[in-house]
Amino acid sequence: MKNWHRSFPPYEGEEPYLYFAFADADEKKVWNYLRPLLERGCRVWYRFGPAGGADRLLHDQERSSGAALTLLFLTDAACADKDTKSNVLVNQKYGRPILCLDPDGTDRRLRMGLREDVPHVPLYSLRGGGEIEDAVIHADGFSQDIIGEPVKIAAGNVLGRISAVLCVLAILLAALAFAGFRYFHWFTPELLDEVTLNDPVIVSAVRKAARGGPITEQLADELTELRLDAMPENWDDLSSLPALERIEIPQQALVDGGALPEGDYTIELSGGDGA
């Protein structure tokens, strides 16, 4: 959901609440993890946007330090966000419980200044909001006092209803396509990608990340790691992968020639010694 912070502002009341710490650059990514907590009824305060003047800075410090539990969406952007980092480290200094949400398997706790024993939830291994919610409500520092009235989040506008209708139609068309292929051999169904990529090497790598499924907008927006089987002819498709941080390239492909991509990517080689 775009601009979700406008529809679901941070909690400003006096009841116990969570502090959801994240970098502004991760706004689009955190909604999928915040939503199940709101629907459960968790009170959540978060900081979003520039710190502004001294009054805003003081307010943010008071709210972050007053939380019963800090959830940290730990990414490279969060490590570079000085306001988020400061608030989280103050809570660590005074022994307040912290739970890291790990989106991609990269341990950034030391880079963030956190102790190695700060617990973390491997978001990349969980299936859906239910497991995320369970991991949070069973974390040290969480109490039932944090839970208030559940928030109903539904598509209540015209676009939402149109999306629901389109989803139903998509399911019906998929069922029809499967029946035609399975029983009548009408055609071989093709994957319906939401994002168009052109280089076959990059398409294959993204398809593997999608576990053979379609390349969705959400996948393209959240994909942080790409494992290539060969050197692409060009790297233009990377512009469709805004969260990409790490690219793994076969060593032999680099030996055979080809230019590396431009941009702030971590390049790693695989298959040394011709393996």
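Select L166 to begin: at 51% relative accessibility, this leucine counts as exposed, because the threshold for that class is over 50%. The model is predicted. L166 sits in helix α8, which spans residues 158-184.

Next, move to helix α3, residues 54-65, and pick R63 within it. Is R63 buried or exposed? R63 has a relative accessible area of 10% and is therefore buried, the limit for that class being under 20%. To display its surroundings, select Y11, E12, G13, Y17 and W45, with which R63 is in contact once neighbours within four places in sequence are left aside.

Proceed to the open sheet, whose three strands run in the order β6-β7-β8 with parallel pairing. Its edges are β6 and β8 (266-270), each of which pairs on one side only. From one strand to the next, the twist averages 20°. Select β7 (246-250) together with β8: five bridges join this pair in the parallel sense. Across the pairing, E248 stands opposite E268, a residue of β8.

Finish at the loop between β6 (225-227) and β7, where E233 is found. With a relative accessible area of 78%, E233 is exposed.

Technical notes: Residues numbered from 1 in each chain as written. Predicted model: local features only at pLDDT ≥ 70, side-chain atom pairs only at ≥ 80, totals over all residues. Heavy atoms only, no water. Helix = DSSP H or I, 4+ residues; strand = E, 2+ residues; numbered from the N terminus. Buried < 20%, exposed > 50% of the residue type's maximum accessible area, 1.4 Å probe, protein only. Contact = heavy atoms within 4.5 Å. Pairing = 2+ DSSP bridges. Axes fitted to C-alpha atoms, helices over the stretch in contact; angles between N-to-C directions.
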